[in-house]
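Biologist: I would like to learn how to read a structure, feature by feature. Can we go through one together?

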There are 2 protein chains.
Amino acid sequence: MLRRDPTRIELRADDLVDFERSREEYLESKAKLKDQHRKFRSATTGPPPTPAGRDLRSTTASGSGTSSGVNNSREPRPDPFEIAQQERKGKSTAERVLARATFSTYSPTCLAAVHDGKVAYTADKFPHLKRDHSFKKLSEKDISYFKSILASSSITQDEEDLEIFNSDWLRKYRGQSKLVLKPSSTEQVSKILKYCNENRLAVVPQGGNTGLVGKVEKYDKEMQKQMLHATHNAIYFITGGSVPVFDEIVVSMSSMNSIRNFDPVSGALVCDAGCILEVLDKYLEERGYIMPLDLGAKGSCHIGGNVSTNAGGLRLLRYGSLHGTVLGLEVVLPDGTILDNLSTLRKDNTGYDLKQLFIGAEGTLGIVTGVSILSPKRSKAINVALLGLNSFDQIQATFKRSKDELSEILSAFEFWDQEAIKLVKEHLVAGAKDPLQSTYPFYVLVETSGSNKDHDDYKLNNFLEGLMSDDIVQDGVVAQDTTQIHNLWAIREGIPEACSKAGAVYKYDISMPVPVLYKAVEDMKERLVSKEVIGDGKLFTSVIGYGHVGDGNLHLNVAANEFSQEATNLIEPFVFEWAAKHAGSISAEHGLGVSRNNHLHYSKSPTMIQLMIKFKQLIDPNGIMNPYKYLPDV
Amino acid sequence: MLRRDPTRIELRADDLVDFERSREEYLESKAKLKDQHRKFRSATTGPPPTPAGRDLRSTTASGSGTSSGVNNSREPRPDPFEIAQQERKGKSTAERVLARATFSTYSPTCLAAVHDGKVAYTADKFPHLKRDHSFKKLSEKDISYFKSILASSSITQDEEDLEIFNSDWLRKYRGQSKLVLKPSSTEQVSKILKYCNENRLAVVPQGGNTGLVGKVEKYDKEMQKQMLHATHNAIYFITGGSVPVFDEIVVSMSSMNSIRNFDPVSGALVCDAGCILEVLDKYLEERGYIMPLDLGAKGSCHIGGNVSTNAGGLRLLRYGSLHGTVLGLEVVLPDGTILDNLSTLRKDNTGYDLKQLFIGAEGTLGIVTGVSILSPKRSKAINVALLGLNSFDQIQATFKRSKDELSEILSAFEFWDQEAIKLVKEHLVAGAKDPLQSTYPFYVLVETSGSNKDHDDYKLNNFLEGLMSDDIVQDGVVAQDTTQIHNLWAIREGIPEACSKAGAVYKYDISMPVPVLYKAVEDMKERLVSKEVIGDGKLFTSVIGYGHVGDGNLHLNVAANEFSQEATNLIEPFVFEWAAKHAGSISAEHGLGVSRNNHLHYSKSPTMIQLMIKFKQLIDPNGIMNPYKYLPDV
């Protein structure tokens, strides 16, 4: 694994160029970047002078920074962007595919543990869960029926293969399903659910893995298994929503992966639910459009899973939630009824907006089989800046200014803390790419997306210069090409993976008003310190905070040496009570699944929960859809 | 009424300044505008030359335009902006308030007809509607109960006063309610509905008129009545959704008009449902934010009504629909249960998103009493351009380019046709403000909103110069100050009022893919021409098309000499069948009410309608909420 080179002190913006450019482009861009860089860095030398007279790098958190030399006077330094790229080039295709699959989700070492047979059944870990005896057990007759409507390749009963669909990458959940069905049409989904409903067979809809499965067919079975495992459940990964608990039939949507239609005037895209998010985004990229959502798991998660979990992700700040961007859905109800609402209209006020109920329903009301979504025009210019700051107050000040000054071009505003960057540097290639000179208590990644690079550069420069002048940020860099943009993002996107390598990680995904966002981390730390359970050789090793400032969404991670009831009791229900006390949500974007359903009352009133139960009973009276999850146990 | 001065030929952008500015500002802006104007107008004189070598005004539809003189060489001309402003100044306060109230909604002459007693009862006009005898008739005991929970000023039984709540401004609907209640708290709404539900009293929720009522208390009763009338039902105005049919109790939300909370970091606004949209927008303006929706009726419509009808309006293109921007709702269910979901969180994935069902439910599932909505930052720079074009194909080309070139600053893209501008010029003050030299078959209003005026000007200039060079637009002007922006918008916003003065107007609000948007108008015209029923002395006088190109939303107006069954039969169900055939919606943003409910099947499948009915039965088993509307008659 690539480790950060401790002798490397500074990475300069004008060192970093796109190596794939031609020499002419390179020289031209170098001259331009130097000029731009001078502007960023040397606010003291040209009008208008900034009050503090500092530049974007010359001050560190400790105030000891001194780097102010002109670029040409410095000696060549190893470029971590180049190192990473060359390292990437040295990898075999298989390694690269695997690296892609594991990107920001899990590590191969973690996988091994999943498959060593030690993962406990969910039913054993949650002893309050009892199999619902109104559900029929699978019989040969049932299998015969499914064989009559599906190709044999769409039916999986092999125990080893089933393991992949029965467990999640975080080693927390493991079900006991004996059957996986992979329908390839809406009609097949309809027939499956109709039969299951009539015969009281419970069903778990599951996001699929087709895209990568296709690619890894040539590898051995173990590799394929790892790949499959890496890529399923990308969305439900924390709450166990897509993993069976008992013997539910898994309906995998991986075989429904066609794009049905795209309108280049309106940007309306209609596709099967099993399409992989990144595949859709690439398809749109070629047509000048962009998917309105983006997640670290984009290379594996399905658009149907995104819709079913109301995935938020990295572009929500700019393009809003799926409740606004989804134009229509095709859903198969538990009784097999096909609800055809694949509208491509931006406006349609004819009756209750039924599709909204299925967005974020985690497959408890039916299976989403088709999605119509409005894609925005893809921005021609993207800028990414990484900033080092001393306090969360400074992050808030930076956020407020970004809304004022970057305004319509602001497309992401992410933050992480010192613990997070420490783990990334320890565990990931991305850690070697931290271009900041020193370590700071907080980091912010700001992204702008616009239609005119010069305008965006000007706005971003002004914004950053103002922040430096007013001593709000301590250091910062601006990516100068696509590779650097990817590398800065890799730090942010690598945090979940880095956390997962820090031991047994308790993950919480809470939202609250921005001013108290980081207080959740501080309060948790204070609690564990006061109980003397955190530190070397103790129960917990660290508390990590990162997330989407723009959405008031904190990913709170508490790393322990191992999962235990004692550890759980120290952080739960404290964290849920904390969220409730601060008018927050106990699940901002990760949903409820099997792990949060009984905590719903922290975020929703009894009246609200009662109405939810009524809707569930109305649409799924036999309760066959994704049982034991989402709504509180009765 | 101010008529267009036929001797006035040309209005130049640099004539138009804000008269309220100081002399210094005036001179400064004049110099700047002149420079800017030169840039727009004289593409031939400076680099880079445009291929066609034309300027934004020198070519008319007929090619006869010749205006190319320098500003200083021209004689002073009467400035219609100034005329309008002076005319405004000459008006009494009462007249101005009335003018405000009538802005883009109705005319006083139209009002007179409403009050001459000729408006037929809805129940007589739609004889298929029968009073539901399961509903109890109002008794003295009921009145006593309402008097026990409400202040006497919150109860209206006076027949003359009731007339205002019983009818709509379009002279189409008239109910027979005997009681109007104006609760001032959520608890009062809860008590009212609980009582009505237990006693089978039918209820119609109604958008209110508090803001203007307050202002006109000093005027005489007739005036007050007109004011009230002018300002209620602003949203439901076409479908009759907020007007009673029989003796339903009207629950007016006009007394619930407080802003509850505003978070200046996130932009989350929480307020009572009875707040007037424009009042909220002004409140936010002072804090640097903007309401994410805007309608011609903003001065009178309520945010609760907007939510209940899922109002679209003029900013949808930029900020998306209410399904995305509404963060939470407080709703009183028919049985009096208060559903408290006034979340201010941008992300909250805890359970079914229940609030979504009430957005666009037209009060059939309960009464929205509180709204939490995400307001975006208000743009510092606004530009508005008015363009004249020869064909709808040119409009489409212009729209596509605007998405590419204006991209993130594009905030509105509206169009209208020659018939529309003809009516505005004939009937409205706004018509005198058309600054284009000639008449064109089509008009487009493009608005940009951004954070940097210079950048936005640059983008807009490039966009417009490109359109002129490529012969896509024939003429155009760009507003140079706030007054001009308002005046250009007044043309667009005046179209509904102008149409209403063209006789009895059949109004349709349909959405469809952009390429066939104007075909609906052409096909309707062709149909009426082929049947020889349009023209001087015939049944119909004109077919008018205008709307929101960006949303694929056409407002199709067919003007007749009078409403008649014969006229209706000539355009219905043709227009609904047309929308269904083109995968469109029969109601893009105006809802269903009492006039479109039985046409729902043109846009939704039987399965969808069946599920809607189930939801209605689940939440409102006694059917007391806004009966006879929204869902098809059983």
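This is a predicted model: local features need pLDDT of at least 70, side-chain atom pairs count only at pLDDT 80 or more; totals for chains, interfaces and linings use all residues.

Modeller: Start with two strands. Strands of a sheet pair through backbone hydrogen bonds, either parallel or antiparallel. Here E6 (residues 268–272) and E9 (residues 367–374) of chain B run antiparallel, joined by five bridges. Strands here are DSSP runs of E with at least two residues, and helices are runs of H or I with at least four, numbered from the N terminus. Two strands pair if DSSP finds at least two bridges between them.

Biologist: In what order do the five strands of the open sheet in chain B lie?

Modeller: The order is E5-E6-E9-E7-E8, with antiparallel pairing. E5 (259–262) and E8 of chain B are the edge strands, each pairing on one side only. Helix H8 (residues 186–198) of chain B lies across E5, E7 (326–332), E8 and E9 of chain B, at about 50 degrees to E7(B). Such angles run from 0 to 180 degrees between N-to-C directions, using axes fitted to C-alpha atoms, for helices over the stretch in contact. Contact means heavy atoms within 4.5 Å.

Biologist: How is the size of an interface given?

Modeller: It is often given as the accessible area lost when the parts come together. Chain B and chain A bury about 7000 Å² between them, and carbon and sulfur atoms give 61% of that. This sums both sides, using a 1.4 Å probe. Lys347(B), Asn349(B) and Tyr352(B) supply 15% of the area that chain B buries against chain A, more than any other three residues.

Biologist: How many salt bridges does the rule find across the interface of chain B and chain A?

Modeller: Eight. The rule wants a side-chain nitrogen of Lys or Arg within 4 Å of a carboxyl oxygen of Asp or Glu. One of these salt bridges joins Asp404(B) and Lys377(A), at 2.8 Å from N to O.

Biologist: What about the backbone?

Modeller: Most residues other than glycine have a negative phi, and most peptide bonds are trans. Arg200(B) has a positive phi, near 55 degrees. The peptide bond from Glu572(B) to Pro573(B) is cis, with omega near 0 degrees. Pro573(B) sits in the loop between H21 (565–571) and H22 (574–581) of chain B.

Technical notes
Residues are numbered from 1 along each chain as its sequence is written. Chains are lettered from A and ligands numbered from 1 in the order in which they are written. Side-chain values use heavy atoms; hydrogens and water are left out. Buried area is the accessible area (1.4 Å probe) that two parts lose on being put together, summed over both.
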